[in-house]
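Subject: Structure handover

Hello,

Here is the structure you asked about. My notes follow below it.

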Amino acid sequence: MTDRRSHVFYRDLKTEYPLAVAGEGVWIVDSEGRRYLDASGGAAVSCLGHCHPRIVKAIRDQAGKLEFAHTAFFTSEPAEELAERLVRAAPDGFTRVYFVSGGSEANEAALKLARQVHVERGESHRIYAISRLQSYHGNTIGALSLGGNPARRALFEPLLGLPVAHVDPCYAYRHQGAHESEEDYGVRAARSLEEKILELGPENVSCFFAETVVGATAGAVPPAPGYFREIRRICDRYGVLMVLDEVMCGMGRTGTLFACEQEDVVPDIITVAKGLGAGHQSIGAVLARFPLVDAIERNGVFQHGHTYIGHAIACAAALEVQRVIEDEGLLERVSEAGETFARRLESAFGQNPHVGDIRGRGYFRAIELVADRESKQPFPRKAGLAAKIKARAMAAGLVCYPGNGTADGEHGDHVLLAPPFIASDEELDTIVEFLAGAVEGALGEVAA
Ligand code: PMP
């Protein structure tokens with residue numbers, strides 16, 4: 001740390017952040033020459049590591065050719081090519097892609113798209129969006145209204161005026177009954193959506209939002225088997241649009257380009273961001289199935305837009321990210337090495353009396369920490385375990401992504417790992433080793 005005085009402010013105004021000056025593959029280097037292994041890709045963003053030469057070149061090339069042409073007047077080659085690629089890779093029936101600058105914007109656009117589709121179809125009474133308790137879908141007012149995270153919402157509650165309702169999350173470690181199968185639990189968790197739709201009146205409900213694999217709020221929580229198939233059935237039954245937020249878990253993070261490919265369901269809308277631009281550019285996208293776009297096409301105008309949608313340099317970077325993923329077989333690498341990574345986490349933490357759960361898919365993994373493994377009782381929030389792990393990890397040269405849930409006692413502190421897809425086996429070992437040290441040290445402080 002230096003004694004410089006910052007005029008920039010981020011989330012934590014009391015922290016003096018190290019000054020990051022260079023990125024080299026999976027490493028970030030600060031102004032004092034310290035190296036940090038980026039085991040979370042920031043927040044599941046940097047899927048190709050930092051300063052990937054091919055992405056840097058694509059950005060340079062596009063900047064020298066055409067940096068930006070406003071979408072009120074033009075489309076651009078990289079936007080067209082990227083959309084074509086995404087549509088080809090997406091589940092059946094996806095025909096259109098709307099490019100934005102990040103995850104919150106993607107979810108805002110999806111909310112508005114769902115709303116407009118219902119209006120175009122003559123069902124303007126469909127105003128409610130439903131999401132899950134504890135969920136996070138972004139920090140802009142619309143996306144925050146949608147989310148079910150009390151801690152993030154509290155300060156802004158009076159401003160969160162959207163008609164939104166919340167239903168149960170799908171979180172087997174915490175909520176599956178002792179004598180209940182995973183499948184039965186999945187169906188039970190999904191049924192809370194049906195109950196809510198019936199309570200609100202099915203004719204009033206616009207859409208249901210969920211993360212396919214939950215990211216930041218609880219740490220790489222996969223759905224129970226069959227959960228999303230039941231959600232699909234319910235949405236179909238009541239004409240509710242199913243939106244999967246894959247801002248964090250999409251774009252290859254779980255071993256398939258779209259996480260929902262592993263769930264045997266086709267949603268109506270998918271939102272992506274983070275890994276789409278791999279941190280080299282800020283870009284997000286909304287993918288929509290044909291019937292939705294068709295409803296709007298008849299009138300011809302989607303009532304939405306920002307200045308920087310479809311930005312040519314951002315699209316060129318994201319297009320090259322897709323090519324690198326394909327050329328280097330990175331989806332296969334993530335699914336295979338993801339299993340090895342999981343086994344390494346299991347051998348490092350499986351016997352730890354304070355690690356209650358080790359979970360995730362591909363390169364999207366987490367451990368959940370508890371005071372008592374039997375009762376799954378979390379450490380009190382004020383113990384600050386997650387923050388202590390983060391500080392120790394940073395001191396050891398590891399960037400990981402710890403969190404401590406949404407409310408005291410709801411669930412334990414967790415640490416999310418989302419390494420770059422290019423991480424070598426040795427780097428995965430180093431991540432586990434550094435994390436084990438940080439967790440042990442932090443537990444020593446709080447469990448003493
Ligand atoms: N949805 C999910 C699932 C996310 O994880 C995030 C970011 N953590 C967002 C939406 C918001 O994305 P952004 O920060 O790019 O606005």
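The ligand has 15 residues around it, with Gly102, Gly103, Ser104, Val247 and Met248 the closest; a residue is near a molecule if its C-beta atom, placed from the backbone, lies within 6 Å of it. This is a predicted model, in which local features need pLDDT of at least 70 and side-chain atom pairs count only at pLDDT 80 or more, while totals for chains, interfaces and linings use all residues. Residues are numbered from 1 along each chain as its sequence is written.

Helix 4 (residues 103–120) contributes three residues to the shell around the ligand, the most of any element; helices are DSSP runs (H or I, at least four residues), numbered from the N terminus.

The chain splits into domain 1 (20–52 + 329–447) and domain 2 (56–327), with bounds from an automatic or database domain assignment. Their centres, taken over C-alpha atoms, are 25 Å apart. In domain 1, 36 residues are in contact with 33 residues of domain 2 (contact: C-beta atoms, placed from the backbone, within 7 Å).

The largest nonpolar core has 136 residues, and Phe208, Ile269, Ala285 and Val286 touch the most other members. Such a core is a set of buried Ala, Val, Leu, Ile, Met, Phe, Trp, Tyr and Cys residues joined through C-beta atoms within 7 Å, where buried means 20 or more other C-beta atoms within 10 Å of the residue's own. Helix 11 (residues 312–327) supplies the largest share of this core, 11 residues. The core lies between domain 1 and domain 2 because both give residues to it.

Regards

Terms used: Helices (H or I, at least four residues) and strands (E, at least two) are DSSP runs, numbered from the N terminus. Two residues are in contact if their C-beta atoms, placed from the backbone, lie within 7 Å. A residue is buried if 20 or more other C-beta atoms lie within 10 Å of its own, exposed if 12 or fewer, and partly exposed in between; C-beta atoms are placed from the backbone.
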